[in-house]
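Please keep the sequence and the coordinates in view while reading.

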Amino acid sequence: MTTLDEPRGHMVSANGTEAEIDRVRVGVVGLGYWGPNLVRVLNEAAQAEAAWMCDLRPEMLDTLGRRFPAVRQTRDLDEMLDDDSLDAVAVVTPVSTHYEIAMRVLKAGKHVYVEKPLASSSELATVLVRVADERGLVLMPGHTFLYSPPVNCIRELIRRGDLGDIYFISMSRVNLGLYQSDVSVIWDLGPHDFSILLYWLDEHPSQVISTGRACIETGKDDVAFITCKFDSGTLAHVELSWLAPSKLRRTTVVGSNKMVVYDDCSIEPVRVYDAGVMPHDPESFGEFLKYRTGDIVSPHIESSEPLALQVEDFCRAIRLGTTPTSSARLGVDVVRMIEAADRSRVPDLYGSMPIRGTR
């Protein structure tokens with residue numbers, strides 16, 4: 001039951017009037033790099049309320065507490081989970097802790113958002129999905145790029161057939177840092193691009209192969225190159241690195257009709273190229289290929305914060321029982337792609353295949 005002093009949001013009803021709704025009360029566990037962003041978005045959302053902040057470090061609680069004094073603080077997860085008025089918990093902690101914390105949240109009867117990747121293995125991720133289903137709870141992995149307006153613009157171009165058959169996709173996600181304490185660059189950055197590929201192509205890769213190198217810390221790759229082949233014929237290449245001189249978030253999609261460049265760091269994030277190569281009956285060998293270069297279009301992209309859209313989807317799933325775009329099963333598939341990349345990693349490609357020059 002909601003009392004008069006409990007927070008309420010608003011939604012537009014079927015007859016066009018604004019109706020009050022109960023806000024989803026969410027606690028955030030982990031106040032490192034991404035946790036404060038979730039607290040901020042929850043604090044601003046009409047459908048949600050940032051109810052709790054939990055972190056083992058008192059200085060993090062003090063710092064964020066000055067920005068959000070109305071949000072309750074604790075260093076004890078059980079204290080937060082004992083709050084019967086709490087609806088959900090966002091787990092924004094190191095990957096190695098995702099399963100344990102998310103399971104405790106589910107067993108406490110709370111819905112749970114887990115920052116990507118969902119768990120440190122597909123086996124553990126599958127267990128989380130099963131427990132959430134058995135208890136009728138929402139389990140959402142934090143694949144925020146699925147809510148990015150540019151990503152959804154390109155998905156619509158692919159689904160409408162504007163690009164034709166997708167020949168290949170080339171993705172680069174590199175920067176100087178941020179190094180993670182418990183995972184390699186594939187586990188850290190790979191989920192972004194793997195989730196986008198699954199979302200765009202609506203199929204799983206039939207083959208995955210990767211190679212990488214641990215340049216700074218032994219045993220932990222900070223650069224990786226992953227190639228994925230899909231049964232449709234599409235080929236995808238993903239470049240990941242914590243060790244690059246500048247930030248690059250660039251994807252090229254090449255289709256039989258058109259091509260797209262998605263640059264997440266640009267003021268024009270999506271550019272559609274009416275360009276391609278067409279074979280035709282030649283009169284001579286030199287005329288066998290015909291190159292087509294047409295217009296370059298930058299479609300209008302709405303300026304919406306992906307994390308805010310994801311929080312809306314999370315709250316909608318809790319209130320209405322819908323399946324979120326970033327679904328738990330997609331989260332499992334992403335972890336399986338990461339594991340496939342790990343298993344297929346070529347440890348010493350050039351050492352095992354020496355290349356000798358000629359004199």
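**Salt bridges and surface charge**

The structure contains 17 salt bridges, a salt bridge being a side-chain nitrogen of Lys or Arg within 4 Å of a carboxyl oxygen of Asp or Glu. The model is predicted, so local features need pLDDT of at least 70 and side-chain atom pairs count only at pLDDT 80 or more, while totals for chains, interfaces and linings use all residues. Residues are numbered from 1 along each chain as its sequence is written, and side-chain values use heavy atoms, with hydrogens and water left out.

One of these bridges joins E49 to R25, with the closest N and O atoms 3.0 Å apart. Because E49 belongs to strand β4 (residues 48-54) and R25 to strand β3 (residues 24-29), the pair ties together parts that are 24 residues apart in sequence. E49 is buried at 18% relative accessibility, and R25 is buried at 15%; buried means under 20% relative accessible area, exposed over 50%, and partly exposed in between (1.4 Å probe, protein chains only). R25 and E49 are also linked with D83 in a network of salt bridges.

A further bridge connects D78 with R104, the closest N and O atoms being 2.8 Å apart. D78 lies in helix α3 and R104 in helix α4 (residues 98-107), so this pair ties together parts 26 residues apart in sequence. D78 is partly exposed at 38% relative accessibility, and R104 is partly exposed at 32%.

The side chains of E305 and R40 meet in another salt bridge, at 2.7 Å from N to O.

How values were computed. Helix = DSSP H or I, 4+ residues; strand = E, 2+ residues; numbered from the N terminus.
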